[in-house]
Amino acid sequence: MVMVHNLKIRRVATSAAIVSLVAATSGQAQVNLSGSAVVRQVFTDTTGGASPTSGWLETGLSGLANIETRRVNGAVAATVTRRFEQWGRVNRSYRVNADGELTGTLIPRNLFLTVGGRASQYQRDSRGFVGSNPDADNGNTAQVFAVYAEPSVRTSLGAGMDASATYRIGKTTVDGVRSSALLLNGDIGLDGNSSGARGLSDSLSQSATISAGLTPGRQRFGLRVVGRWTKEEIDELDQRYRSYSVSGQGTYQASRKLSFTIEGGYEDILNRQQSILFDPVTNLPLVGPDGEFLPDPVNPRRTAFDRSGAFGTVGFRYAPSRRANFSLQVGYRYGDPNINASMTFEPMPKVVVTGRYNEGLSSFGRLLTQSIDGEVVSVQRTNQTTGFGECTLGRDPVTGGCLGNLTQSLVPATFRSRRGSVGVIYDAGQMTFGANLFYNERGYVDLQQLQVAGDADVTAQSFSNDDTSYGISGIVTYKPGARQTFTISGSYSRNAFALSENRTDDLIAGSISYKRDLGNSLALVSRAGAALRSSDDGFSRDSKNYSASLGLTYSF
């Protein structure tokens, strides 16, 4: 179930090239297309920013393709906007937001191909990710692109047994200037070039899963052997991450409502990187003429994370009715106790409560293109194509909320992740209400992965090993008539970043928007928003942003 979150990035429109390819390969594909064009006048005022007051005329083209055929299923949505500066400063004129995934059947019941990707803006300041107001024109804005492809094969072995194999390759790249960690704490990028010549770049990830076994059917038990492999290559510090595991899984179907699972096996995980050469006098990292870090000749490669040994988990799934589903899995993985849990519950008509909690080992690039805990998964998408309340980087496959949960850093580091959320949605037709509580913690396995040329060794400074954020967000949509829609949203989060010198920030944000249908596919749209951010370190680091917009949309 998709949970409501208040990251308000509009992400609509379609890729004509992908749609044409799908239509050509699926033979009789019927693609449902929709789209819109928008013109808005936008005003913003910011204190504590490089561009205090700005105004621009914004034009945008948006669309959505929903595909449901015998051979191809999925959806692609995207938007491209252009900001025309009127006064103040517009830091990034063109912006692209997109999200989509398509799955095609190449050989019925046997061979499949999934392709997908997303594009978005990623705003940050000296305290990390700022995603609370999409109309705030932040000078430190990066354009994020991520794409992936996954062929998979399945076959029946007879006697209730089956086998499957998948392979996924993904690429994450970030187009934005990278600066010193002391200027952009919590956001130092994926590229080893700190000069800004290439900006932020690049992560290439791969994964594969092979599985064979007996699925519960007429018999109450199932047995399966599973092999997993994951690899990621990151430009920053020439990082190499790889993991593999082999395990046996058992399932016992106690009843139609209750089942138990057990898994045990062996895992091997290694994360290595370039070891930086530091100046013994200044304690600053040394870089070559190309802007790359110089490796330490005594120890050119550094082990950031190394774990090999047995792992095991036990769990259950309980579905007492079609309106309730609960699951829990506990065990030992990645060298630590590990818990994963989820629930979906409909206590009454029109009310849905969802909750998820996950612990694992991941990175920014793998979150966008690969997996959680070595399991290849697909990011959940929203069905919304217009309006506010969209997620910047797509839906988190574990928590169901927005990827990043408002506050996560764009860094090249591998981290232990502990994330959870509880949300409720109430849909009364005329009024829809949603709320979400979230908690997100990242424990970085090696702080030297966060190093930036020009700054002293971060391990020698007053930095922590964690990013931590928690908070609440909510949204209310009210339709007083067939032609009008009001939307009110708000959020509060408390955030601390590993590179923010043990500083803690509070972020409060809210917005109200109004849409009025004028007929003939034309609509009036308006929005007012505000974001307030304060720090508890005693310095003047507070910032405020206010924005207002008025415009017209044409749907087709």
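Author: Strand 10, strand 12 (258–274), strand 13 (301–321) and strand 14 (324–333) each supply at least two residues of a nonpolar patch, where helices (H or I, at least four residues) and strands (E, at least two) are DSSP runs numbered from the N terminus. Strand 13 gives the most to this patch, with 3 residues. The patch lies on the surface and consists of Phe221, Leu223, Tyr252, Phe260, Ile262, Val314, Phe316, Tyr318, Leu328, Val330 and Ile339, which together have about 940 Å² of accessible area. Patches are made of residues with over 30% relative accessible area and no salt bridge, like charges being joined within 9 Å and nonpolar side chains (Val, Leu, Ile, Met, Phe, Trp, Tyr) within 5 Å; a salt bridge is a side-chain nitrogen of Lys or Arg within 4 Å of a carboxyl oxygen of Asp or Glu. Accessible areas come from the Shrake-Rupley method with a 1.4 Å probe, and for residues only the protein chains shown count as cover.

This is a predicted model, in which local features need pLDDT of at least 70 and side-chain atom pairs count only at pLDDT 80 or more, while totals for chains, interfaces and linings use all residues. Residues are numbered from 1 along each chain as its sequence is written, and side-chain values use heavy atoms, with hydrogens and water left out.

Tyrosine 334 has a phi near 60°, a positive value in a residue other than glycine, and it counts as buried because its relative accessibility is 5%. Asparagine 520, in the loop between strand 23 (504–519) and strand 24 (522–535), likewise is not a glycine and has a positive phi of about 55°, but asparagine 520 counts as exposed because its relative accessibility is 75%.

Two further residues sit in strands elsewhere. Serine 36, in strand 1 (residues 31–47), is buried because its relative accessible area is 11%. Leaving aside neighbours within four places in sequence, serine 36 is in contact (heavy atoms within 4.5 Å) with Gly60, Leu61, Ser62, Tyr554, Ser555 and Phe556. Threonine 155, in strand 7 (residues 141–158), is partly exposed at 39% relative accessibility and touches Asn110, Asp162 and Ala163, not counting residues up to four places away in sequence. The C-alpha atoms of threonine 155 and arginine 109 are separated by 7.4 Å, although these residues are 46 apart along the chain.

For the chain as a whole, there are 2 helices and 25 strands, and buried residues make up 50% of the 556 residues. Among contacts between residues at least 6 apart in sequence, 64% join residues at least 24 apart. The accessible surface of the chain comes to about 23,900 Å², of which 59% belongs to carbon and sulfur atoms.

Notes. Buried < 20%, exposed > 50% of the residue type's maximum accessible area, 1.4 Å probe, protein only.
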